[in-house]
Each structure stands twice: as structure tokens, then as C-alpha cells.
Amino acid sequence: MTIHHASDWDRDAALTTARILLEIKAINFRPEEPYTFTAGWKSPVYIDVRKIISFPRARTRICDLGAEKIQRRVGFETIEAVAGGETAGIPFAAWMADRMMAPMTYVRKKPKGFGRNAQIEGEVPVGKRTLLVEDLTTDGGSKIAFANALREAGAICEHTFVVFYYGVFPGSFETLKEMGLELHALCTWWDVLEVCKERPYFEESALKEVRKFLENPVAWSAARGGVASLEEARAYKAAKG
């Protein structure tokens, strides 16, 4: 598959991010014992983007790239506040807000149930153009929930940033777009496979199975007992609460 990037800069940023994630062993291939995601998808690949927080040079480079991507795609003075999604998005939002010289808040998955019963912590960015930040996205579900919470509180939330986007599950990009939410990601699985051509990070047999998954993730998931459609994924996630 040919990877299409918006510019040479986007391609360089994607491959740099992939190399960093591979170096710190944030990427895991396990075709023989598939992972099950929160929406019920079965996958031979799993990424732990949160590992970045333990590597200062890696996180500095990735957050620099993230801030530059937003400035290139959204604008230098367009974003007025940054909000992190609980919990993995919080540190990335803090680092991005620092680089963008913007106030930062974070959004809980649900109101905390006592005190102010707040779902948004920090100064609520009422009327401010707010960037929602998380570590990654698979099917986009949590982004919509966080964006809705921000909007209900009075923020203007039209853009979301993640370090990593799976880029394979059906309907995720379209669903976000329908919600008026534009996704900005540094890296996808296709970028990881591109970098794997440079060095033997994994056995060729594992890479071959991962390519099969990426080319048809729905069939791969269904054949291994996972959900087999976007509708099933939504129902699975709702049932899990």
C-alpha cells in the first residue's frame, strides 16, 4: 500500500515518530495471541504510546512535531486552549499547551460525582477554540465523547490531535468528520511498516501477518472472534460501559 502524506514534512514527521516508537519498544506485534481492544476489535498489533512519558528526549521530539503539525494544519494563533482526555491525553496536552503557550484543561470520562461534579478540570475554555489531545485513536469513539463534553461546557472544539492513529478501522475518520472534528495524527501503522523495512525490528512472519490485518482488519478481527463491523464495535463498547 502507498502511504499518502499531505507534504514531505508530514512524511518525515510520521517516519521520525515511528522510529522513536520502535526504539522505545512502544510497539508490539503478537499475531499468534491477538489483542482485544475496548471496542471489541481483535488485532495482532498493539501500541503503548504512554511509554513516551518515560523517555524525555523522545517525548520532547514528538511534542515538538505535534505542535508544529498543528501550527501548519490549523494555524499559529488559531488554538486558544488545549484539553487533554483522561487519562493518557493529560501529559501530552500539558506538553503541547506549553509549546503553544496556551492554557490547559483536562476532560474526565464522566463527571467525578462529588464536589462540583466537574467533568472538565481547570479553567473551562468557554468560547475558546480548543484543541483536544489524546495519545492515540483506534475508532474515534472517545474523541467524540470528550469533544461533546467540551462543547456542552461552552468550548469550541473542532480539532483533535493524537500521536498515533490506527488508520484501519472502518468509519472512524468519517465519524469524526460528521461530528465536525478534524483529526491530526503524527503516525499510523503504515508508517511503522515503512520504517520496519530499514531494520529487522520484527520477524518477517510477524510483519506478513500484520500486513494481512492492515489490508482487511474487519475480516481479520472476525476470523479470530472479534467484532466484525462498526455497529458491533459500538454495541460492544456500550455494553462494557
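**Notebook: helices, sheet and rings**

I started with helix α2 (residues 56-73), which lies across β8 (129-137), β9 and β10 and runs at about 140° to β10. I note here that the model is a predicted one.

I then looked up helix α3 (residues 89-100). Helix α3 packs on the sheet and touches β5 (81-85), β6, β8 and β9. The direction of α3 makes about 165° with that of β5.

Next entry: the sheet itself. In what order do its strands run? I read β7-β6-β5-β8-β9-β10, an open sheet of 6 strands with mixed pairing. The edge strands are β7 (120-121) and β10 (182-188), each of which pairs on one side only. I checked the β7 side further. Strand β6 (residues 104-107) runs antiparallel to β7, and 2 bridges join them. In this part I found Tyr-106 opposite Glu-121 in β7.

I stepped back to the whole chain. I counted 9 helices and 10 strands in the protein. The C-alpha trace spans about 50 × 40 × 30 Å along its principal axes. For 241 residues a compact globule would have a radius of gyration near 18 Å, and the protein agrees because its value is 18 Å. Buried residues make up 49% of the 241 residues. Of the contacts with a separation of 6 or more, 67% are between residues 24 or more positions apart.

Then I turned to the aromatic rings. How many aromatic pairs are there? With ring centres within 6.5 Å as the rule, the count comes to 9 aromatic pairs. I took Phe-37 and Tyr-166 as one to look at. Their ring centres are 5.2 Å apart and their planes stand at 80°, so I logged the pair as edge-to-face, the cut-off for which is over 60 degrees. Phe-37 lies in the loop between β2 (35-36) and β3 (42-43), while Tyr-166 lies in the loop between β9 (156-165) and α5 (172-178). The pair therefore ties together parts that are 129 residues apart in sequence. Are Phe-37 and Tyr-166 buried or exposed? I found Phe-37 buried, and Tyr-166 buried too.

Last entry: charges over rings. I found Arg-30 over the face of Tyr-35, at 3.9 Å from the ring centre. I also found the charged end of Arg-224 over the ring of Trp-220, 3.8 Å from its centre.

Note on methods. Residues are numbered from 1 along each chain as its sequence is written. This is a predicted model: local features need pLDDT of at least 70, side-chain atom pairs count only at pLDDT 80 or more; totals for chains, interfaces and linings use all residues. Side-chain values use heavy atoms; hydrogens and water are left out. Rings of Phe, Tyr and Trp (its six-membered ring) pair if their centres lie within 6.5 Å; planes under 30 degrees apart count as stacked, over 60 as edge-to-face and the rest as tilted. Helices (H or I, at least four residues) and strands (E, at least two) are DSSP runs, numbered from the N terminus. Buried means under 20% relative accessible area, exposed over 50%, partly exposed in between (1.4 Å probe, protein chains only). A charge sits over a ring if NZ of Lys or CZ of Arg is within 6 Å of the ring centre and within 35 degrees of the ring normal. Two strands pair if DSSP finds at least two bridges between them. Contact means heavy atoms within 4.5 Å. Axes are lines fitted to C-alpha atoms, for helices over the stretch in contact, and angles run from 0 to 180 degrees between N-to-C directions. The radius of gyration is taken over C-alpha atoms; the globule rule is 2.2 Å times the number of residues to the power 0.38.
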